[in-house]
Amino acid sequence: MKNLTTVVLMCAVLALGTLNSCKKLFDNPDINANPNAVTNVDLQTLMGGTLLGVGLLHEDTDVRIAAMWAGQLTGLSRAHLGYAQYIVSAQNFTWVPLYPVAGQARLMQLKADSAGNAWGKGIGQVLEALVIAKATDLYGDVPYSQAFDAVRYPTPVFDKQLDVYAALQSTLDNAVINLSASTGSAYPAKDFIYKGDVKKWKAAANTLKARLYLHIGDYAQALKYAQQGIAAADADALIPHGSAIGVDINQNYDFFAVSRIGDVGFDGSYLAKLMQSRIRSANTKTDETALYNYFFKTGITATNSLDGNTVDGAFVASAAHPLLTFYENQLILAEAQARLGQYNEALAALNSVRASLNNGVINGRTFSSTGRRYDAYTLADFGPAGLANSTGSANLQIALLYEIISQRYICFLMQYEAFNDYRRLAGAVPLVQLPIPLNTGSQRPQRFIYPQVEINTNPNVPKPLADQFTKLPVFP
C-alpha cells in the first residue's frame with residue numbers, strides 16, 4: 001500500500017467524467033507515484049471523481065467473481081472459467097483502484113473541513129465507508145486506521161475485521177451528524193447520485209449501517225437503522241450510465257456485450273434455476289416471468305445460451321447500477337424483524353418490496369407487465385400448506401425467512417452483497433440457507449486472497465497467508 005494510501009486521482013478532471021476512462025487512469029503508475037498532484041482540486045470536482053471511482057468498484061471484476069462464487073453467474077471461458085471453479089491466486093487481485101478511491105473520499109472530507117462544509121464531509125464519509133466495507137467484506141482484516149497517511153505509515157497495519165466494522169459504524173455515525181447540519185453548508189454540485197438531496201444521503205448512510213449490523217447478526221441494531229434508511233425506490237443510490245461505448249456505458253454491458261463476449265453467462269446458474277422454479281411453482285400470488293426475462297435473454301451469444309439481457313433488460317448500456325436501494329433496506333427490515341419474532345412487521349416490509357416489483361420497478365427502470373405479478377402475502381401463506389412456503393416447514397419463521405432470503409438473492413443480481421449473504425447465512429440463527437450448489441470440489445469459497453503486490457511490499461500482511469477457502473471472522 002506504500003503507493004496507494006494517499007493516492008488521489010481526479011477522474012472528473014482527468015477523464016472528462018467518463019467511467020471507462022476513469023478505470024484506465026486508476027491504473028496509471030505516474031499518477032500513483034505522485035499522490036499530491038491534484039490536491040488543489042475543488043471539493044465539487046473531487047466529489048465527481050470519487051463518485052466515479054465508487055461506481056467502478058461496484059461493477060468491476062471483483063463483483064463478477066463474487067457473483068460467480070454466490071451462484072448467480074457462470075464462468076464459461078478464459079480467466080472467468082477458472083474463477084468460477086474457485087481457481088485464483090494472489091496475482092488475480094488488486095487494491096487499485098480500491099484504496100485510491102478510499103483515499104479520494106478521505107481527501108473530500110479534508111477539503112470539506114477546510115471549507116466548513118459539513119454536508120460535503122458527510123458524503124465523503126459515506127463514500128469512504130462504502131469502499132472500505134467492500135474491502136473488509138471480501139478480504140477480512142485490511143488496513144484502515146493507518147491507511148491514509150503514507151508518510152507516517154508506509155506499510156500500514158491490518159486492522160482486525162471486527163475492528164474495521166466498528167470503525168465503519170463510527171464513520172457512518174459521523175456522516176449522519178454531518179448530513180444533519182442545517183446551516184453553514186454549500187451542497188457539492190457534482191453529485192450525480194442524489195443531485196443535491198442531502199436527506200437521501202443521510203438515509204443511504206443509515207441503510208449502510210443496517211447492512212453492516214445485519215452482517216454481524218445484530219438484528220436489533222439492523223432494524224433500528226433500516227427504519228431510518230432508504231424509504232422509497234426513487235431514493236435508491238444508483239450509478240447512472242449512458243449509451244456511448246468507451247465513455248459512460250454500464251460496465252456489465254461492456255463486459256457481456258463488448259469486451260468479453262461469451263466469457264460468462266447465466267447457463268446453469270443457481271439464480272436462473274431458482275427463478276425458474278418460482279415461475280413453475282403453485283404460488284398463484286407470484287409470477288416472476290417478466291423479471292426473469294428482464295434479467296436474462298436466450299441466444300444472444302450462441303444458440304440456446306442464457307445471457308444477461310443486454311438488449312432490452314437489466315444490462316442495457318444505459319442501465320443504472322445499484323449501490324444501496326430501497327429493496328435492500330426493506331429486506332433488511334424484513335429479515336431482522338422475522339429473526340426477532342416480529343412476523344407481521346416482517347411481512348409488511350416484504351410486501352412493500354413486492355408492491356414496488358408489482359409496479360415493475362427495479363434499479364430505476366421498469367420491466368414488462370407481461371408475466372408480472374406480486375400480490376401481497378398473508379402470514380397464512382407461510383403456514384405448512386401455504387402457497388408461499390417453499391420449504392415445507394411447519395415453522396412459520398423458517399418459511400418466512402426463506403422467502404425473504406430468496407427475494408434478497410434475486411434483487412442482488414450482480415451485487416457483491418449476494419456473496420456476503422452466501423457466507424453470512426451459514427452462521428445465522430435460525431439456520432436458513434438457499435441450497436446453492438458448489439461449482440466444483442468440496443469447499444466453498446469464503447474470501448478473496450491478499451494481492452501479490454501487498455504481500456511483496458507490506459510486512460504487516462497477516463501470516464500465514466489465507467487461501468480462498470479460509471473463513472472470515474464476520475462470516476464464521
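The side chains of Arg 211 and Glu 328 meet in a salt bridge, with N and O 2.7 Å apart; the term covers a side-chain nitrogen of Lys or Arg within 4 Å of a carboxyl oxygen of Asp or Glu. Arg 211 belongs to helix α10 (residues 198-215) and Glu 328 to helix α15 (residues 326-339), so this pair ties together parts that lie 117 residues apart in sequence. Helices here are DSSP runs (H or I, at least four residues), numbered from the N terminus. Arg 211 counts as buried at 3% relative accessibility, and Glu 328 counts as buried at 1%. Buried means under 20% relative accessible area, exposed over 50%, and partly exposed in between (1.4 Å probe, protein chains only).

The model is predicted, so local features need pLDDT of at least 70 and side-chain atom pairs count only at pLDDT 80 or more, while totals for chains, interfaces and linings use all residues. Residues are numbered from 1 along each chain as its sequence is written, and side-chain values use heavy atoms, leaving out hydrogens and water.

A further salt bridge joins Arg 408 and Asp 421 (2.8 Å, N to O). Arg 408 sits in helix α17 (residues 396-411) and Asp 421 in helix α18 (residues 417-424), so parts 13 residues apart in sequence are tied together. Both Arg 408 and Asp 421 are buried. Through shared partners, salt bridges join Arg 211, Glu 328, Glu 335, Arg 339, Arg 408, Glu 417, Asp 421 and Arg 424 into one network. The structure holds 20 salt bridges.

Another of these pairs is formed by Glu 128 and Arg 106, whose closest N and O atoms are 2.8 Å apart. It links distant parts of the chain, with Glu 128 in helix α8 and Arg 106 in helix α7, 22 residues apart. Glu 128 counts as buried at 1% relative accessibility, whereas Arg 106, at 28%, counts as partly exposed.

Next come the two helices themselves. The axes of α7 (residues 98-115) and α8 (residues 118-139) come within 8 Å and cross at roughly 160°; axes are lines fitted to C-alpha atoms over the stretch in contact, and angles run from 0 to 180 degrees between N-to-C directions. The helices α7 and α8 are therefore roughly antiparallel to each other, a term for angles over 145 degrees. Their contact (heavy atoms within 4.5 Å) involves residues including Leu 98, Tyr 99 and Arg 106 of α7 and Gly 120, Glu 128 and Ala 135 of α8.

Methods:
Angles under 35 degrees count as roughly parallel, over 145 as roughly antiparallel, 65 to 115 as roughly perpendicular and the rest as oblique.
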